[in-house]
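Here's a quick briefing to read with the model open beside you. Have a look at the fold, then work through the points below.

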Amino acid sequence: MEKLDYRFQSAWTATALSNLESPIAIEKSAVVTGDDWQVDWTDFQNTPVKKSPEVIGDQFYCQGQLILNQQAWNVVRFHIHDGAEHLIDDQREAAEIHIVCQNQLGQTMVVGAFAEVDEKHPVIFAPLFSEEKKTVNLQDLLPVEKTGCFTYTGSLTTPPLKKDINWFLLDKPVGISPKDLATFAEAYPDNYRDCQPLSGRTVVYHHLSPVTHLK
């Protein structure tokens, strides 16, 4: 299937419904510290995943629920960018995983997890490309230690750049195996959008507590 050509991404802004686009470059010195947030993702268990090749990139449809400050968000799908889309102090990680969630009000939140190469990390994603269905533990996409998140309001990062997206970017990268990274690079190399203007937005940092993990 033909996929989105990131060489022509400068034209995507024409589809945007707001000037508050994503991704953005985050400067820690400009981040505001907010309240501690409570998050429960113990429901990120082993669940069947169905790969769906789409023009905007392969999507992995799955299940799970995240409880953030007593509000439930249902996992819809996740996908991977070969090269992180958001920058933290001008640093780009090897990959960025987006877990797309929705609540009962129809609002969308994207949980973003940065990934860095870890030679000892188990292979997680490569098998998803060779089988129509596969079981995955979404917990493997999340940090294994207490962490925090950067939050702001933006858009999806592929056309039509849907607006009013709640971004929830975990501050500590997870490990990713070299084989997984090579699989991403072969499937959709450098599929990251350039950072967009902040346009007056404030990025807020929240400590997450408690963070409960399943193993």
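The side chains of Glu-21 and Arg-193 come together in a salt bridge, 2.6 Å from N to O; a salt bridge here is a side-chain nitrogen of Lys or Arg within 4 Å of a carboxyl oxygen of Asp or Glu. Glu-21 sits in the segment before β1 (25–26) and Arg-193 in the loop between α1 (178–187) and β15, so the pair ties together parts that are 172 residues apart in sequence. Keep in mind that this is a predicted model: local features need pLDDT of at least 70, side-chain atom pairs count only at pLDDT 80 or more, and totals for chains, interfaces and linings use all residues. Residues are numbered from 1 along each chain as its sequence is written, and side-chain values use heavy atoms, with hydrogens and water left out.

**Salt bridges**
- Searching the whole structure turns up four salt bridges.
- Glu-21 is buried at 6% relative accessibility, and Arg-193 is buried at 1% (buried is under 20% relative accessible area, exposed over 50%, partly exposed in between, with a 1.4 Å probe and protein chains only).
- Asp-58 and Lys-51 also pair up through their side chains, at 3.7 Å from N to O, and both residues are buried.
- Asp-5 bridges to Arg-7, with the closest N and O atoms 2.6 Å apart; Asp-5 is partly exposed at 26%, while Arg-7 is exposed at 67%.

**Cysteines**
- The disulfide count is zero, a disulfide being a pair of cysteine sulfur atoms within 2.5 Å.
- Cys-62 is buried at 9% relative accessible area, and Cys-101 is buried at 0%.

**Around His-86**
- His-86 lies in the loop between β7 (71–82) and β8 (87–88), and is buried at 0% relative accessible area.
- Its side chain makes a polar contact with that of Tyr-152, at 2.6 Å (a pair of N or O atoms within 3.5 Å; within protein, one must be able to donate a hydrogen and the other to accept it, and residues adjacent in sequence count only if both atoms are side-chain atoms).

**Strand β15**
- Strands and helices are DSSP runs numbered from the N terminus (E, at least two residues, for strands; H or I, at least four, for helices), and two strands pair if DSSP finds at least two bridges between them.
- β15 (residues 204–207) runs parallel to β2 (residues 32–33), joined by two bridges, with Thr-33 partnering Tyr-205.
- β15 also pairs antiparallel with β12 (residues 148–154) over four bridges; there, Gly-148 partners His-207.
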